Amino acid sequence: MNYPKTNLHTHSVFSDGKNSIKQMVAIALKLKINYLAITDHFSDSWKCKIIPTLNTAEKIEDYLIKIENCQRYLKTNNKNLRLFKGIEIDIGSSEKGIKKLIRPQDFDIILFEYLETPESVAYVRNIIQYWKKLNPINNKFPILGLAHFDPSNFIYHGLDSLIYFLKEFKIYYEFNSSYYEYFSRKNELFFKKLKEHNIYVAIGSDAHNSNGLDFIEEPLKMIEIYNLENNFNLFLERLKNR
Ligand SMILES: [Zn+2]
């Protein structure tokens, strides 16, 4: 089956990527990508001491404006590329920092990284519930996903409650081409459950430079191998309608 070329996990100079947002859009156009999300890092944990992140309100505002400028350009010039505003939240960040700086309605896609324990699921649930209360109108609410999530952390313990959590908030599993080991056969049970429960799946490459922008072939193959085409189609439908 022919899918739109989709990459929903990329980084620009606003965090640890090498290219400006404008440059990434120009490269994506050359590569004939149809759906692109820029998902720079948010963190106020140890991580923000190592890499630049979207850690102030001013920086986030500037980031969003830069993406909007590109969106306008793409629309006025009738380009076959849709650009989405994303952010990747390090869940080692403080609850206070996340609640203070991230307004969910400003984003199309919010990724959570480092979801590894039942406690971290509870932490993220608490944040989503807080956001939902602030945004009772659902159509403005962003699409939520797990960045390079490793299912093996849950495969022997807590798998059902994880699946319930993904279903409850329509959170997608990302096939991330920088982390092949996470889609290995040892996690097959997880992928079976995704299928059984119609959990969304999507694709990202975690590109930090122009090279990685179209590394999306392997994830597509894995979606077919695990019979998750329907899950991906459901996701694309939701994305298209944003
Ligand atoms: Zn990333």
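I began with helix α3 of this predicted model, and I noted that its buried residues are I60, Y63, I67 and C70. I then looked up how these four are placed around the helix axis, and I found that they cover an arc of only 95 degrees, which puts them on the same side of α3. For the background I recalled that an α-helix has 3.6 residues a turn, so residues three or four places apart point the same way.

Next I turned to the face of α3 that points away from the buried side, where I listed the exposed residues A57, E58, E61, I65, E68, R72, K75 and T76. I also looked up what the buried residues of α3 pack against, and I recorded α1 (21-30), β2, β3 and α4.

I checked the span of α3, which takes in residues 57-76: its 20 residues reach 29 Å from the first C-alpha to the last, close to the 28 Å expected at 1.5 Å a residue. Just after α3 I came upon N78, which takes a positive phi of about 55 degrees.

I then followed the strands, and I noted that β2 (residues 35-42) pairs with β3 (residues 82-90) in the parallel sense over eight bridges, with H41 standing opposite E88 in β3. On β3 I also looked up the pairing with β4 (residues 109-113), where the two strands run parallel and are joined by five bridges, and where I87 stands opposite I110 in β4.

Key. Residues are numbered from 1 along each chain as its sequence is written. This is a predicted model: local features need pLDDT of at least 70, side-chain atom pairs count only at pLDDT 80 or more; totals for chains, interfaces and linings use all residues. Two strands pair if DSSP finds at least two bridges between them. The expected span of a helix is 1.5 Å times one less than its number of residues. A residue is buried if 20 or more other C-beta atoms lie within 10 Å of its own, exposed if 12 or fewer, and partly exposed in between; C-beta atoms are placed from the backbone. The arc is that of the directions from the helix axis to the C-beta atoms. Two residues are in contact if their C-beta atoms, placed from the backbone, lie within 7 Å.
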